[in-house]
Amino acid sequence: MPDDSVAATGPPPGKPTAQRSLWPVSFASDRPDADAKQARQLGATEVRQDSNGDVVLRDPTGALFRLTEHPR
């Protein structure tokens, strides 16, 4: 993410349904693996890990979010 941004939105990853949100949000993290582990402990499920180290998760309500590696 550019500059000192800590969050961003992107294009929807598909079609909306009654069960899931299509507001993909990215959060900057200097330790995405550790933050993903904590998110899983809090009820998120991992969807995938990209080759660049980003981790995509789904929160307990079904919303997608991404942890994007962004060292400080």
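Mentor: Let's start with a definition: rings of Phe, Tyr and Trp (its six-membered ring) pair if their centres lie within 6.5 Å, and planes under 30 degrees apart count as stacked, over 60 as edge-to-face and the rest as tilted.

Trainee: Thanks! And how many aromatic pairs does the count come to by this rule?

Mentor: The count comes to 1 aromatic pair. Phe27 and Phe65 have ring centres 6.3 Å apart and planes at 70°, so the pair is edge-to-face. Phe27 lies in strand E2 (residues 25–29) and Phe65 in strand E5, so the pair ties together parts that are 38 residues apart in sequence. Strands here are DSSP runs of at least two residues (E), numbered from the N terminus.

Trainee: What should I know about the model itself?

Mentor: This is a predicted model, where local features need pLDDT of at least 70, side-chain atom pairs count only at pLDDT 80 or more, and totals for chains, interfaces and linings use all residues. Residues are numbered from 1 along each chain as its sequence is written, and side-chain values use heavy atoms, with hydrogens and water left out.

Trainee: New topic! How many salt bridges does the structure hold?

Mentor: The structure holds 5 salt bridges, each being a side-chain nitrogen of Lys or Arg within 4 Å of a carboxyl oxygen of Asp or Glu.

Trainee: Which residue does Asp50 meet in a salt bridge?

Mentor: Asp50 meets Arg66, at 2.5 Å from N to O. Asp50 sits in the loop between strand E3 (45–49) and strand E4 (55–58), and Arg66 in strand E5 (residues 64–69), so this pair links distant parts of the chain, 16 residues apart.

Trainee: What else does Arg66 form a salt bridge with?

Mentor: Arg66 also forms one with Asp54, the closest N and O atoms being 3.9 Å apart. Asp54 is in the loop between E3 and E4, so that pair ties together parts 12 residues apart in sequence. Asp54 counts as buried at 7% relative accessibility, whereas Arg66 is partly exposed at 22%.

Trainee: Which residues are linked in a network of salt bridges?

Mentor: Arg48, Asp50, Asp54 and Arg66 are.

Technical notes
Helix = DSSP H or I, 4+ residues; strand = E, 2+ residues; numbered from the N terminus. Buried < 20%, exposed > 50% of the residue type's maximum accessible area, 1.4 Å probe, protein only.
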